[in-house]
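Here's a quick tour of a structure for you to follow along with. Keep the picture open while you read.

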Amino acid sequence: MIEVRGLTVRFSGITPIDDVSVVFPGGTCGLIGPNGAGKTTFFNVLSGFVKPAAGTISAFGENLLKMADFRRARWGLRRTFQTEMAIEQLSIYDNVAMIHEHSGAKRASRRADVLAALEFVGLTAPPKAKVGGLNARERRLVEVARAVVGRPRLVLLDEPAAGLPDEETEHLSGVIQRIPEAFGALTILVDHDMSLVSSCCSTTAVLDFGKVIALGPTAEVLRNEHVIRAYLGTEEDV
Amino acid sequence: MGAADAQSSGATTLPARFHLGPATALRGAIILGLFLFVLLAVPSLVGPDWLTTFASVAIYSVVALGFDILYGRVGMISLGQVALLSVGCWIGARLAYATAIPFPLLLLATGAITCVIGVLVGLPSLRLSGLYLALITLMFAGAVTVALGVIDFPNGGGGFEGTSATGALTTSNPPVRRPAIATGDTAFYRYIVVVTALMFLLALVHVATKPGRAWASIRESEPAALAAGVHVTVYKMWAFALASFMTGVVGCLLAAQVETPRAITFQTQASLTLAATALIGGIFSLWGAIVAGIFNQLLPFLFQAQWGVNSNFLLIIFGAGLLQVLLTAPGGLAQQFPKDMANLGRLVVRGVRSLLPSAERAS
């Protein structure tokens, strides 16, 4: 369980996250909102790249904000970025293994764990192949494999389906849904694809201008009129 | 041969991930063959001045290797690598005069001290990158040139300080000692080749394992590396430590090879030329470092001593080569040359094929 209390982030004059309190109970949770709502900033706080001005984050009972950024991976934090971060010069195996070797997981189980992660995401390309030679779909799967290898506890997926065609989003959706039970990790999904969010996430929080405007079961949240207004705007706003 | 034997005998005991494919075994055999040729055959094929040049090629290829690791693997541009070589040369010479420790220990001690200096020079890389880091390291190179000039390197005499009352830059300096097993020029050339091979092996072990993967991750993106749990500070400093250690070790070799090292040999400009040749050779491949060493040391020798051409023309060639690399072949010659050869081979095959039917028709 991730418990966020009174989280505020300020960048000289802007407040991208404004007194946010939210609880992600477990399983796969959605985090949605219009562009600029503060979703990626929230992920950056969890990753340790952004220091909040106020607030606390308790992750499975531990104070996440007290942990140095690079130590959070060892604790079990994994994330993907909006831009691709798989390393082109390295092989698929090495890309996933490098996360494993900094995760604190046992060296003896590295090969088995890495291959299991690749199988989990359904990547059929040979592990020795360089990531530079893969297509967009395969690279995205490598990114997800990097996010689930080596005993993850909290997996942050930042727009994993952006730019993928529908049938590939469907495959990815199946993969994301199975993360919590396969690895026991709480997964937070940020995406603009509402069908992906509603098929993966039991709980969803909605951010708008740095504030939580809705939180609850995904189906209810997506029907919430504040949420619809935030996404579509109102006559007054136009 | 040797590599293939080792592989077949080890195959039964090693876990699956250590199995080498036939391509790797072939490549290992070719490298071993080349190494043995350079080590054993070359001294009997060429004259002493060529041998000295080849020794310099080996030394500068290790310096280029350090540059390649910093820029090609981690993405930190350092223009002070030849300055570190001169620091290594100076430390090696001073330690050789002041102590009587065995030569291999002398190499290690020089490498270790240069390593500390290199890490200090690399500290700004934690905050700076790109042009700013390049400028800082270039300033270091300039400072080393000035410092060595001021202290009248080597200014004869014994001990750590090495100042002698008789004055600076005398030819009466005792030569920097060489290892007892390799006092002659040919033997010392072989010694240099072996140490160079060990340095390449050290680099290979690093880039093929955990540090290499962590460096690649930092090069791709520092936030992503942090998110992957890479201690960015440690791995950046590690890269500087490795590059400086290797450069220091060959600096000590250089001191013993030229026997009376002179400050005038090391110009700030040499650090820039090294960066250019390293880029031309290819910064992503270990072969690129050897190509860089050849460009840096063999070409000036060919131009000046063999063909009687002013070696300043080389700067134009390096400039043009650098431009070509930046525009068309970011992987440098080490990656471009095999591709070009493959293309040429394909062209030849196609040409022969197109000729054959017409030849049959004619008959």
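In what order do the 6 strands of the open sheet with mixed pairing in chain A come? The order is β6-β7-β8-β3-β9-β10. Before going on, note that this is a predicted model, where local features need pLDDT of at least 70, side-chain atom pairs count only at pLDDT 80 or more, and totals for chains, interfaces and linings use all residues. Residues are numbered from 1 along each chain as its sequence is written, while chains are lettered from A and ligands numbered from 1 in the order in which they are written.

- A word on terms: helices (H or I, at least four residues) and strands (E, at least two) are DSSP runs, numbered from the N terminus, and two strands pair if DSSP finds at least two bridges between them.
- At the edges of this sheet stand β6 (77–79) and β10 of chain A, each with a single partner strand, so one side of each is left without a neighbour in the sheet.
- From one strand to the next, the twist averages 15°; axes here are lines fitted to C-alpha atoms, for helices over the stretch in contact, and angles run from 0 to 180 degrees between N-to-C directions.
- Strand β7 (residues 154–158) of chain A pairs with β6(A) in the parallel sense, over 3 bridges, and V155(A) in β7(A) has R78(A) opposite.
- Packed on the sheet is helix α6 (residues 166–183) of chain A, which touches β3, β7 and β8 (186–190) of chain A. The direction of α6(A) makes about 155° with that of β8(A).
- Contact has a cut-off too: two residues are in contact if their C-beta atoms, placed from the backbone, lie within 7 Å.

**Zooming in on β9 of chain A**

- Why is strand β9 (residues 203–208) of chain A described as largely enclosed by the rest of the structure? It's because 5 of its 6 residues are buried.
- Here's what that word means: a residue is buried if 20 or more other C-beta atoms lie within 10 Å of its own, exposed if 12 or fewer, and partly exposed in between, with C-beta atoms placed from the backbone.
- Strand β3 (residues 28–32) of chain A runs parallel to β9(A), and 4 bridges join the two. One pair of bridge partners is C29(A) and T203(A).
- β9(A) and β10(A) make a hairpin with 2 residues between them, and F209(A) in the turn has a positive phi of about 50°.

**The antiparallel sheet of chain A**

- Another open sheet in chain A has 4 strands in the order β2-β1-β4-β5, with antiparallel pairing.
- Its edge strands are β2 (14–24) and β5 (62–63) of chain A, each pairing on one side only.
- Strands β1 (residues 2–11) and β4 (residues 54–59) of chain A share 5 bridges in the antiparallel sense, and R5(A) has T56(A) as its bridge partner in β4(A).

**A loop residue in chain A**

- You'll find N35(A) in the loop between β3 and α1 (39–47) of chain A. N35(A) is exposed, with 7 other C-beta atoms within 10 Å.

**Over in chain B**

- Chain B has 14 helices and 0 strands, and 41% of its 363 residues count as buried.
- Take helix α2 (residues 22–45) of chain B: it has 24 residues and reaches 32 Å from its first C-alpha to its last, close to the 34 Å expected at 1.5 Å a residue. That expected span is 1.5 Å times one less than the number of residues.
- α2(B) bends by about 35° at V38(B), the bend being the angle between axes fitted to the seven residues ending there and the seven starting there.
- G331(B) sits in the loop between α13 (313–328) and α14 (332–362) of chain B, and counts as partly exposed with 17 C-beta neighbours inside 10 Å.
- G331(B) and G282(B) are 49 residues apart along the chain, yet their C-alpha atoms are separated by 5.1 Å.

**Where the chains meet**

- Chain A gives 19 residues to the contact and chain B gives 17 residues.
- On the side of chain A that touches chain B, the largest share, 4 residues, comes from α3(A).
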